[in-house]
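Please open the structure in your viewer and keep the selection panel at hand. The tour below moves from one selection to the next and says what is to be found at each stop.

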Amino acid sequence: MNWLTNFVRPKIQSLVRPREVPDNLWDKCPQCGHMIFHRDLAKTLWVCAHCDHHMRMSVKARLDMLFDGAAYQRIELPKGLVDPLKFRDSKRYTDRLKDSQAKTNEQDAVVVAHGRVGGVPVVVAAFNFAFMGGSMGIAVGDGIVAAAELAVLQDAALIVVPASGGARMQEGILSLMQMARTTVAVAKVREKGLPFIVLLTDPTTGGVSASFAMLGDIHIAEPGAVIGFAGARVIETTIREKLPPGFQRAEYLLENGMVDMVVHRHKLAETLGRTLGLLRHRGAAGQLLPIAVDLPDSFEAEPGV
Amino acid sequence: MNFLDFEKPIAELEGKIEELRHLSDSDEINIAEEINRLQVKVDRLLRASYGKLTPWQKTQVARHPDRPHASDYIERLVSDFTPLAGDRCFAEDKAILGGLGRFRGQSVMVIGHEKGRDTESRVRHNFGMARPEGYRKARRLMEMADHFSIPVITFVDTAGAYPGVDAEARGQAEAIARSIETCLDIRVPLLSVIIGEGGSGGAIALAAGNTILMLEHSIYSVISPEGCASILWRSGDAAKDAAEALHLTAQDLQRLAVIDDIVPEPLGGAHRNPELAITSVAEHMDRALKSLALVEGGVLRARRRDKFLEMGKIGLP
Ligand SMILES: [Zn+2]
């Protein structure tokens, strides 16, 4: 729990330095193929203005978008065991880690920050898909555990934003164990009666979906996000059939009872704030708020009455 | 406006009033007087017929297509409504709506059968007949409310649970049983309002509450009058007799201590003035929630369980 002392006097890490992106840079929408100015994408929160496709976005943009006034503090995560199996395939795992660290300027695939959403104290753990496909190993497990413990400590809600292909093979069985480990972590949030919301983004699959990501009090998914356990290609090879369009997409999960709502990215912060408000600022029976009852015009009192 | 059979004389008078209203000029004073005279007659007829509706007539009123549905109550009474979907198991069942919202400032979990209004929405909501996943969603939401100390309000309006092969295969009976069990287990207030049809197991799955309100002309029964008639009378034509024999009216159910209070409906039924009906339900809900708010969770649960243990100790005189 030594990271908690860090929390008391948080070492505020400078956020990911915005990499110098030239203004004339174009991005291609993976769905409709339109070329879009990079700076326009930032304005639309990486939602394609032509086809509404929700593209993957950076963790920084995600946190800026979620927290009230883009104000939050990142916490430094504990340094755990690195490369416990001394794993190597065509390349050493430690080298892959270094490459990803250099590429993303992050230590591993999860970032934890705290602040307010809709005025409610919240801890957010957000996955970084750019870091080895957001795969979950010990360090990611550490991040989820730290986020859950911080939520309990601060009496805050926990929001986890997965974007992950699943377990990190390079950590072998110990990455599998993170499924159970993160399950304990979020159970502690639940046992304290604090809200645990999962914001499912593209993609949420494998060991991540089959653990904490499906255990939220409320599941919110971004439109079109791929969410599932087994990969579509694996399934197709196994059953030797073409999969139906929309398979494992957020809307498919909604229809199949797995998520509460599919929410457009532009409405996410508002939806999260409202939902957290309903769960945390409960009000008392009979407490009249001006917004409470929306009576039709015919029920308005006559002037002077 | 859809008229029921017994409302024919009223429909005729209202037709005449409409005609008169469309007549232009020609002695306006006389026309206004005639309209007034007819309106008085309409009100008298409404008062007379709605003052003594038979159980079969109440059945028709309870099923009236223009009667306010759960979605109407939610739209009028619940602000910040945030629908929650899915049973986390098989499907999202649109026959049962559910979600968080605020009723007069207080967070509430609202769950209700929705029959739908037009052909498209009726099909979408399966005419308010839920499958197992609907009851499993209801159970999940009740448990969530319990977990976050949020009172539960249910709006009951269903012909019954969906009778289908798929529903049976996925355990319709078990799903209803678990939903009833959860109603009786939670430690937050559970307020149930029977707004239209309280059809059998599909209804009690959401209605084993601390306080059960019933609209004046709604019905609540172990079986539909038609179903009962075909089984016991061996003829669907005997539905009227079955409705009589089942004592499915709010008035009889209050005598049997099955429900706690009756919400009066506007003259001519809730469908004639949905706004007024909804407001009157809201006042009753407010009162019920305020008194339940004073009771500690464990006591709420114990009282609810005791109440249902007592069912069947009071009969009709
Ligand atoms: Zn596009």
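Predicted model: local features only at pLDDT ≥ 70, side-chain atom pairs only at ≥ 80, totals over all residues.

Begin by selecting A:Gln248, which is buried because 22 other C-beta atoms lie within 10 Å; a residue counts as buried if 20 or more other C-beta atoms, placed from the backbone, lie within 10 Å of its own, as exposed if 12 or fewer do, and as partly exposed in between. This residue, A:Gln248, sits in the loop between α8 (232–239) and α9 (250–255) of chain A, and A:Gln248 has a positive phi of about 60° although it is not a glycine.

Residues are numbered from 1 along each chain as its sequence is written, while chains are lettered from A and ligands numbered from 1 in the order in which they are written.

Staying in chain A, select A:Asp202 and A:Pro203, whose peptide bond is cis with omega near -10°; A:Pro203 belongs to the loop between β7 (196–200) and α7 (206–209) of chain A. If you now show the whole of chain A, its secondary structure comes to 10 helices and nine strands, and of its 305 residues 40% count as buried.

Within chain B, select helix α1 (residues 8–22) and helix α2 (residues 28–51), which pack at an angle of about 160° with their axes 10 Å apart; the axes are lines fitted to C-alpha atoms, for helices over the stretch in contact, and angles run from 0 to 180 degrees between N-to-C directions. The helices α1(B) and α2(B) are therefore roughly antiparallel to each other, given that angles under 35 degrees count as roughly parallel, over 145 as roughly antiparallel, 65 to 115 as roughly perpendicular and the rest as oblique. Among the residues that make this contact are B:Leu13 and B:Ile17 of α1(B) and B:Ile35 and B:Leu38 of α2(B), two residues being in contact if their C-beta atoms, placed from the backbone, lie within 7 Å.

Another pair to select is α4(B) and α13(B), which pack at an angle of about 70° with their axes 10 Å apart, and are therefore roughly perpendicular to each other. Their contact is made by B:Asp72, B:Tyr73, B:Arg76 and B:Leu77 of α4(B) together with B:Pro274, B:Ile278, B:Val281 and B:Ala282 of α13(B).

Now show both chains together: the contact takes 35 residues from chain B and 31 residues from chain A. On the side of chain B that touches chain A, α13(B) gives the most, with seven residues.

B:Arg234, in the loop between α10 (225–233) and α11 (239–246) of chain B, is exposed, with 8 other C-beta atoms within 10 Å, and B:Arg234 has a positive phi of about 55° although it is not a glycine. B:Glu168, in helix α7 (residues 165–169) of chain B, is partly exposed, with 13 other C-beta atoms within 10 Å.

Notes: Helix = DSSP H or I, 4+ residues; strand = E, 2+ residues; numbered from the N terminus.
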